[in-house]
There are 2 protein chains.
Amino acid sequence: MSNERLTQQMAFLLEADKLKTILRRTPLTDNSRQENSAEHSWHLALAALTLSEYAPPGLNLARVLELVVVHDLVEIDAGDTFAYDLKGHEDKALREQAAADRLFSLLPHDQAVQLRERWDEFEAHTTIEAKFANALDRLQALLQNLGAGGGSWSAHGVTRAQVLRRMGPVEDALPEVWPFVIGIIDRYCAIGAIAES
Amino acid sequence: MSNERLTQQMAFLLEADKLKTILRRTPLTDNSRQENSAEHSWHLALAALTLSEYAPPGLNLARVLELVVVHDLVEIDAGDTFAYDLKGHEDKALREQAAADRLFSLLPHDQAVQLRERWDEFEAHTTIEAKFANALDRLQALLQNLGAGGGSWSAHGVTRAQVLRRMGPVEDALPEVWPFVIGIIDRYCAIGAIAES
């Protein structure tokens, strides 16, 4: 082990601390404040442990955990782009690629390549692990809004069609969970927390 | 799949959201606020991915990730016990056992047993995965205090002997990282952020 290698690893871990200051639009379920992207990432990991039985056979759960742990790191530079912000999504990919270039390169080269591959895999939505991780990412936001009584849906006038589109990866990757999602959308439309149109 | 099973799993994930409100004594590295136990757990998972090469051969990294994801859940009921709070540690085990009984039993029985086993394993410090996870838990607090320029050490008048004892699991599980730890302790003693005695 060279000191240089460990020094780079520690610098990366110190830089990663900034993810705790990146705020999402979703609130905590007690509505006390907005959720941050670090605690959100932990919640996805717990959701992966809890809901893996709904994924297709052969899921590599360890890989899913690796994907969710790194999936939002780029927000340290690129910020969180609100799910329903069309303008923000125009340059989201470019901003996040630049962030990934900088952040992962803090690590020793072999690890930079390895963790960057995990992030690329999450973004590509092609492997069953990435599909499952992305579905959890959508589902967890729904749970936060459910717990908070409307959350970012009611705060931003989001419509049923927008939520249905956003939750699409859950229908694809976790079909058994989909009726639960539809049930919540129906309920939150009925109370006006999600706009019908 | 029964609806009852999914309902229990979702109730557990909603309850777990409360871990984001449990504050530790360690600050964020920008000193803007105290760290919470959910984002801390995420940081441990990232540290596991980054530092696994220093663990003994044969480490099951997936298992480590599972341990760190659940290791602090009991704090939802039991609160965070400050590392250097001797009085708080007298009944810590009892408070946390009761919390584990309640929280994991929100899950379907088979999963309650499985995740409780992970928590018990972390607490027992016997497997190489638990030793590695516990060492990361100590090391991450050191990194937070390092980044924050003293953090909970200077705020609470912690001594060199206390920090050395607290960091013991790092010396045992990550001997190659130990000189880095000693270097930081020396440096923070020199500037008075850790008391010599």
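Is B:Arg116 buried or exposed? In this predicted model, B:Arg116 has a relative accessible area of 18% and is therefore buried, the cut-off being under 20%. The residue forms a salt bridge with B:Asp120, in which the closest N and O atoms are 3.3 Å apart. Both residues belong to helix 7 of chain B, and because they are four residues apart there, about one helical turn separates them. B:Asp120 is partly exposed, at 34% relative accessibility.

A second salt bridge of chain B links B:Glu121 to B:Arg63, with 2.5 Å between the closest N and O atoms. B:Glu121 is in helix 7 (residues 109–124) and B:Arg63 in helix 3 of that chain, so the pair ties together parts that lie 58 residues apart in sequence. B:Glu121 is buried, with a relative accessible area of 11%, whereas B:Arg63 is partly exposed at 26%.

B:Asn134 is located in helix 8 (residues 128–147) of chain B. Its relative accessible area is 3%, and B:Asn134 thus counts as buried. The side chains of B:Asn134 and B:His125 make a polar contact at 3.2 Å. When neighbours within four places in sequence are set aside, B:Asn134 is in contact with B:Phe122 and B:His125.

The interface between the two chains was examined next. The size of an interface is often given as the accessible area lost when the parts come together. For chain A and chain B this area is about 4,400 Å², with 71% of it on carbon and sulfur atoms. On the side of chain A, the residues that lose the most area to chain B are A:Leu13, A:Lys20 and A:Trp42, which together account for 17% of what that side buries. Contacts involve 51 residues of chain A and 51 residues of chain B.

Polar contacts across the interface number 28 residue pairs, both residues having pLDDT 80 or more. Helix 2 of chain A gives the most to the side that touches chain B, with eleven residues. By class, this side of chain A has 30 nonpolar, eleven polar and ten charged residues.

Side chains of opposite charge can pair when their charged atoms come close. Four salt bridges are counted between chain A and chain B. One of them joins B:Glu35 and A:Lys20, with the closest N and O atoms 2.8 Å apart. B:Glu53 and A:Arg5 also meet in a salt bridge, at 2.6 Å from N to O. B:Glu53 lies in the loop between helix 2 (37–51) and helix 3 (61–70) of chain B, and A:Arg5 in helix 1 of chain A, so this pair joins two chains. B:Glu53 is partly exposed, with a relative accessible area of 35%.

Note on methods. Residues numbered from 1 in each chain as written. Chains lettered and ligands numbered in written order. Predicted model: local features only at pLDDT ≥ 70, side-chain atom pairs only at ≥ 80, totals over all residues. Heavy atoms only, no water. Buried < 20%, exposed > 50% of the residue type's maximum accessible area, 1.4 Å probe, protein only. Polar contact = N/O pair within 3.5 Å; in protein donor to acceptor, adjacent residues only side chain to side chain. Contact = heavy atoms within 4.5 Å. Buried area = accessible area lost by both parts, 1.4 Å probe. Salt bridge = Lys/Arg side-chain N within 4 Å of Asp/Glu carboxyl O. Nonpolar A, V, L, I, M, F, W, Y, C, P; charged D, E, K, R; others polar.
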